[in-house]
Amino acid sequence: MGQDDLIRLDNVTKTYQAGAPPALADLSMDVTAGEVAAVMGPSGSGKSTLLNLIAGLDRPTAGTVTVAGRRIDNLSESGLARFRARHVGIIFQFFNLLDDLTVEDNVLLPAQLAGASRRAARAQAGGLLERMGIERHRDDYPARLSGGQRQRVAIARALVNAPELLLADEPTGALDTATGLQIGRLLQQLNAGGQTLVLVTHDPALADRYAARTIRLLDGRLAPAGVAA
Amino acid sequence: MSWPRRNWLGPVRTASGGMRRHKVQAIAIGLVVLVSTASATLGFALLAASNAPFTRAFGTQNGAHVTVTVNAARASTADLAATSHLAGVTAAAGPFSESVVQTQFQGQPFGQMALAGRASAGGPVDDVVLNAGHWPDGPGQVVLDDSAGGGGPALGSTLTVTGVPGTPALVVVGFGNSVTNTADGWVSPGEIARLRAPGVPQSTQMLYRFTHAASYGEVRADVAEVGRALPAGAVTGAASWLAVQNQATGNGAIMEPFVVAFALIGLAMAVLIVGNVVSGAVVAGYQRIGVLKSIGLTPAQVVVAYLSRVGWPALAGCLAGVVAGNVLAAPVLHNSAGAYGVGSQQVPWWASVVAPAGMFALVLLAGFGPALRAGRLSAAEAIAAGRAPRAGRGYAAHRLAARLRLPRPAGLGLAAPFARPARTAVTLAAIAFGATAVIFAFGLSSSLSRAAASQTHSATIPVRVEPFGPGGGPGQMPTAAQDAAVPAALRAQPGTLHEVTLYGNGVKVPGIAGTVNAAAFGGDASWTGYGIIAGRWYDAPGEVDVNNAFLDQSGLAVGDTATVNTGTAQVAVRVAGEVFDPDSRARMYGSTQTLPGVASPANVVEYDVALRPGVSAGAYVQAVNRALGGQNPWQATTRQDGGKFYTIASGLVSLLALMVAVAAGLGVLNTVLMTTRDRVHDLGVFKALGMRPGQVLTMVVCWVAGPAVVAAAVAAPAAVALNTATVRAMAGTAHTGIPASFTQVFPPSRLALLSLAAVAIAVAGALLPAGWAARARPAVALHSE
C-alpha cells in the first residue's frame with residue numbers, strides 16, 4: 001500500500017450465495033488520499049457491493065480491505081461500527097434521514113454515537129449546517145425539506161465526525177438536474193478542501209465533471225481499458 | 001377471463017406462502033398461542049377440579065357411604081356377607097380385617113394408623129386409586145393413603161409398627177387414595193394378624209353404599225339397619241361419608257379464588273397478546289397484499305390469505321398447547337387431588353376441546369378485523385399502509401429525548417414507543433398483566449406461608465412432645481410418672497426457650513349446639529403464635545380467645561362474656577380475641593386457671609416447645625427422647641401436620657404465575673420483533689452512521705423500558721389489591737376471618753423490588769430480537785424494507 005493510499009483492496013472477492021457468480025471477483029484497486037474516484041458500471045456490476053466493503057458495511061468473502069491505514073475486513077462488528085463512525089461518512093441516494101429526528105438531531109447523531117461531547121458536537125453540527133446553507137431549517141423535520149435540502153442535511157451528517165473518507169452512493173440520483181448540479185458543486189468544494197471522495201454513479205457526466213479518476217466495473221471485475229461499463 | 005373455481009385458492013396459497021419467509025413471526029404466534037392454550041387448558045382443568053371434586057371422585061371411585069367397624073368375635077363372615085343383601089344396600093365390600101397400630105418412621109413417631117387387609121385395590125365399594133407403586137402382594141408390605149401426612153415416607157421406605165410383638169417392619173410399596181378415607185394404609189389380608197396387639201379384639205370393616213344416604217339421619221338409619229342384622233354388640237363404630245365430604249369440600253373451595261384469578265389473568269393476556277400478534281402480522285403484510293392485489297387478488301382472497309397466514313401457526317400452537325396443557329396438568333392435578341382429598345383427577349375432555357378451539361377462534365377473530373380492512377383497501381393504499389408509522393407520531397418525544405442527558409441510543413429507544421401508541425399500549429398491558437401475576441404470586445405465597453405458619457405453628461413451635469412413642473400401644477395411656485417426666489426433661493434442656501402443656505377437652509357453651517373444643521395452656525402461651533384476627537391474645541384469668549366458628553355459632557363478639565361448662569365447673573369467660581383457626585368446629589383457647597376442668601392428666605394433648613436461637617430441632621428432639629427413655633409414650637417430634645394444602649397451593653400459584661409471565665415475555669418478544677421489522681431500514685442507517693452492536697442492543701431494549709416502568713407502576717397496586725381480595729375470598733370460603741398481617745405482605749421495599757418483574761419480563765422479551773437487531777449486518781438491513 002502506497003503511503004498516500006487511503007483505500008486499498010487486494011484480491012477481494014464477495015459472494016452472496018454459494019454457487020452463484022461472485023458480486024466482486026478478485027478485485028484489486030486503490031484510492032489516494034484527497035482523490036475523487038468515481039465508480040461506474042451497469043446494474044449488477046458490483047458498485048454497491050464495493051461501496052459496502054469500503055464502508056465496512058459488509059465483509060469480503062476473500063481478500064483484504066484496508067482503509068485509512070487499517071485492515072477492516074477482519075474487524076468485529078463493534079470494531080467496524082467504530083471505524084465507520086471515525087473514518088467514513090456515507091451519503092445515500094435516498095438520503096436515509098431519520099424522519100422522526102429534526103435536521104439538527106440527524107446531523108448530531110453520528111457524533112453522539114461516537115461519544116463526542118454535546119457542546120463540541122453541536123458546534124460542529126451548527127458549522128456544517130451553516131456551510132450547507134440550511135441553518136434556518138435546523139429545527140425542521142426532514143419531511144418538510146426539498147430533495148436538495150435533504151441531501152445537504154445528509155452531507156452535513158456524513159461530515160460531522162470529520163471523516164477522512166466520504167462515500168457517496170448516487171448522490172444526485174434522486175434529485176432534479178439543477179439540484180444535482182448544486183450538490184455536485186458542493187462535493188467538489190469539499191474535495192478542494194482535501195476531502196477524499198468515492199462516488200458511485202450511473203451518470204457519466206457526473207463522473208467526468210467531478211472525478212479525477214473513474215473505476216469501471218463489469219460483472220464484478222475491473223473493466224478492461226476501452227470497454228464502456 | 002374467468003378462472004376455474006379450483007384455482008381460487010391458488011393465489012391465496014401464494015399470498016399466504018410468505019409465512020416461510022417470516023419464520024420467527026410464525027414461531028412467535030405459535031408459541032404465544034401454545035402458552036395461552038396450555039394455560040387455558042390448565043385453567044379449565046383446575047376450575048373443573050375445584051368444582052365439586054369430592055362428589056365426582058365419590059361417584060367414580062364408588063365411595064363408601066358408611067364404613068362399619070365390626071367386632072369379628074361377635075359376627076361371622078356369613079353374618080357380614082348377609083348384610084349386603086339388606087334392603088337399601090346397593091353395594092357392599094368386605095369384610096376386611098383391620099388393625100389400629102402405632103408407627104415409627106426413621107426412629108421418629110409417625111402416629112397412629114388404621115390398616116386394612118385387602119387383596120386388591122378395586123371392588124364394588126371404595127375403589128382405591130393406586131397413585132404409585134403396586135398393591136401389597138406379600139407380607140411386610142404396605143400401601144399408604146396419599147393424605148397420610150407430609151414429609152413422610154417415600155416408596156421403598158420402611159415403617160416400624162410398635163406396641164405389637166416383634167415390632168414388625170412394613171415396606172411402603174405404593175401410595176393410594178380412598179375417597180372416603182376408609183383406612184390410612186392397606187396390607188395383604190394375611191398381614192393383619194401379626195399387626196394386632198395382644199389382647200386387642202379382632203375387628204373387621206364392612207363398606208356399604210346405600211340407596212338413601214344423603215343426610216346424617218339417613219346414614220344413621222342405614223347403620224342401624226346393619227346393626228340390627230348383626231348379633232348384638234357386633235358393630236363397634238361407623239364412619240359416614242358426609243363427614244369426609246365436609247372436610248374435602250372445605251379444602252377445595254379455598255383454592256377456587258386464586259385459580260379463578262389466574263384464569264382471568266391468563267385469558268386477558270391471551271386476548272391481548274393474540275390480538276397484538278395477529279394485528280401486527282396483518283399490518284406487516286399489507287405491502288405484500290397490496291402487491292398481490294395489484295396483480296388480481298380479490299378482497300375475499302386477501303381475507304382468506306391473511307387468516308390462513310396466521311391460522312396455520314396458530315393451529316399448530318393450539319394443538320401443541322393442548323398437549324402441553326395436559327402434560328402440565330397431570331402433576332398439578334395429582335397434587336390437587338391430594339389437596340381435595342380425592343383419589344385422582346384428570347383433565348376433562350371438554351377442556352381439551354374448548355381451550356384450543358376457543359383460542360383458535362380468538363386468533364381468527366383477532367385477525368378478521370385487520371384482514372377485512374386489508375381486503376377493502378385498494379392496492380395502492382395497502383402498499384402505503386404497510387410502510388412506517390404515521391408521520392408526526394413520536395416526534396416530540398424524540399425531540400425531548402435528544403435534549404436529555406442520556407446516552408443517545410437510550411434516548412432513541414425511550415422515544416420509539418410513541419411512534420406506535422396502540423402497539424405500545426398493548427405491550428404495556430401485556431407487561432402489566434405479567435408483572436401483576438408475578439407480584440400477586442409472591443404476595444399470595446407469602447400470605448399462604450403466614451397462614452400455614454399460623455395454623456401449623458411451624459415457626460413458633462418447632463418441637464412437640466406427643467403421646468405416640470414406642471411405649472404407647474393401642475389403648476395404653478401414659479402413667480403419671482411418664483407425664484411428669486416430660487416437663488422435667490424439657491426444662492433440663494438448655495435449648496428450651498419456652499415450653500407449655502396443652503390440654504384439650506370438649507366444653508359446653510350455651511347457644512352452641514354440640515361441643516366446643518377447648519384448649520387450655522398450662523403456662524404462658526403468648527409465644528405460640530396464633531394469628532389474631534381481632535382483639536388480642538388472652539393475658540389474664542377469665543379471658544379466652546376463640547375462632548370464627550365459635551363467634552358465628554354463638555352470636556358473640558370479641559369483648560362479650562360467655563358461660564362455659566367445663567364438666568367440673570361453670571365459669572364466665574370474656575372473649576379477649578378472635579384467632580385464626582379455619583375450622584367449622586367451635587374452638588376456645590385459655591389458661592388452665594380460666595378453664596379448670598380441662599386441665600386433667602387425661603386431657604394432656606401435647607407439650608409445645610420453642611427453642612433458643614441456633615438450637616438444632618433434630619438434635620434437641622434426640623436429646624429429649626433420650627431423657628424420656630425408650631418406653632415412654634411421650635416422644636418429642638419435629639413433625640408438623642396440616643401444611644400440605646399450603647404447599648400445593650403455593651406450587652400451583654408459582655406455576656400459574658410462571659406461565660403468565662412467559663406469555664407476557666412472548667408478547668413483548670413479538671412486539672419488539674414487529675417493531676424491529678418496521679424499523680429495519682432505520683437500524684441499517686443507525687449502523688451505517690456508527691451505532692455499535694451494544695448500542696443497538698441498548699436502544700432496542702429501551703423500546704420497552706418505558707412501557708415496563710409504567711406497567712410496574714400499574715402492576716404493583718393492582719397486585720396488592722388482587723392479593724388482598726383473593727386472600728379474603730379464600731378466607732371467606734373457609735369460613736374464617738384473617739389477621740391483617742396475612743395481607744400485609746408487601747412492605748414498600750419488597751413491592752419496589754417485585755415491581756422490577758415488569759422490567760425483567762420486558763427485557764427478557766426484548767433481548768432476543770434486540771440481539772438479532774444488534775447482529776444484523778448493516779448492508780443487509782439497509783436494503784431490507
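**Sheet, helices and rings**

In this predicted model, helix H2 (residues 77-87) of chain A lies across S6 and S7 of chain A and runs at about 80° to S6(A). Those two strands belong to an open sheet of six strands in chain A, ordered S6-S7-S8-S3-S9-S10, with mixed pairing. At its edges stand strand S6 (88-91) and strand S10 (221-222), each with a single partner strand, so one side of each has no neighbour in the sheet.

Within this sheet, strand S3 (residues 36-40) and strand S9 (residues 213-218) of chain A pair in the parallel sense over four bridges. A:Ala37 stands opposite A:Arg213 in S9(A). Helix H1 (residues 47-55) of chain A also packs on the sheet, touching S3, S6, strand S7 (165-169), strand S8 (196-200) and S9 of chain A. The direction of H1(A) makes about 155° with that of S7(A).

The next contact is between chains. Helix H3 (residues 103-113) of chain A packs against helix H12 (residues 408-415) of chain B at an angle of about 130°, and the axes are 9 Å apart. That angle makes H3(A) oblique to H12(B). On the H3(A) side the contact is made by A:Asp105, A:Leu109, A:Gln112 and A:Leu113, and on the H12(B) side by B:Arg408, B:Pro409 and B:Leu412. By class, the residues are four nonpolar, one polar and two charged.

Chain B has antiparallel strands. Strand S2 (residues 89-105) of chain B is joined to strand S6 (residues 158-162) of chain B by four bridges, and the two run antiparallel. B:Val161 in S6(B) is the bridge partner of B:Thr103. On to the next strand, three bridges join S6(B) to strand S7 (residues 169-177) of chain B, again antiparallel, and B:Thr160 stands opposite B:Ala169 in S7(B). The hairpin of S6(B) and S7(B) has six residues between the strands, and in it B:Gly163 takes a positive phi near 80°.

Over all chains the structure holds eleven aromatic pairs. In one of them, the rings of B:Tyr530 and B:Tyr589 have centres 4.8 Å apart and planes at 50°, so the pair is tilted. B:Tyr530 lies in the loop between strand S13 (516-521) and strand S14 (532-535) of chain B, and B:Tyr589 in strand S18 (residues 587-591) of chain B, so the pair ties together parts that are 59 residues apart in sequence. B:Tyr530 counts as buried at 16% relative accessibility, and B:Tyr589 is buried with a relative accessible area of 4%.

How values were computed. Residues numbered from 1 in each chain as written. Chains lettered and ligands numbered in written order. Predicted model: local features only at pLDDT ≥ 70, side-chain atom pairs only at ≥ 80, totals over all residues. Heavy atoms only, no water. Phe/Tyr/Trp six-rings, centres within 6.5 Å; stacked < 30°, edge-to-face > 60°. Buried < 20%, exposed > 50% of the residue type's maximum accessible area, 1.4 Å probe, protein only. Pairing = 2+ DSSP bridges. Axes fitted to C-alpha atoms, helices over the stretch in contact; angles between N-to-C directions. Parallel < 35°, antiparallel > 145°, perpendicular 65-115°, else oblique. Contact = heavy atoms within 4.5 Å. Nonpolar A, V, L, I, M, F, W, Y, C, P; charged D, E, K, R; others polar.
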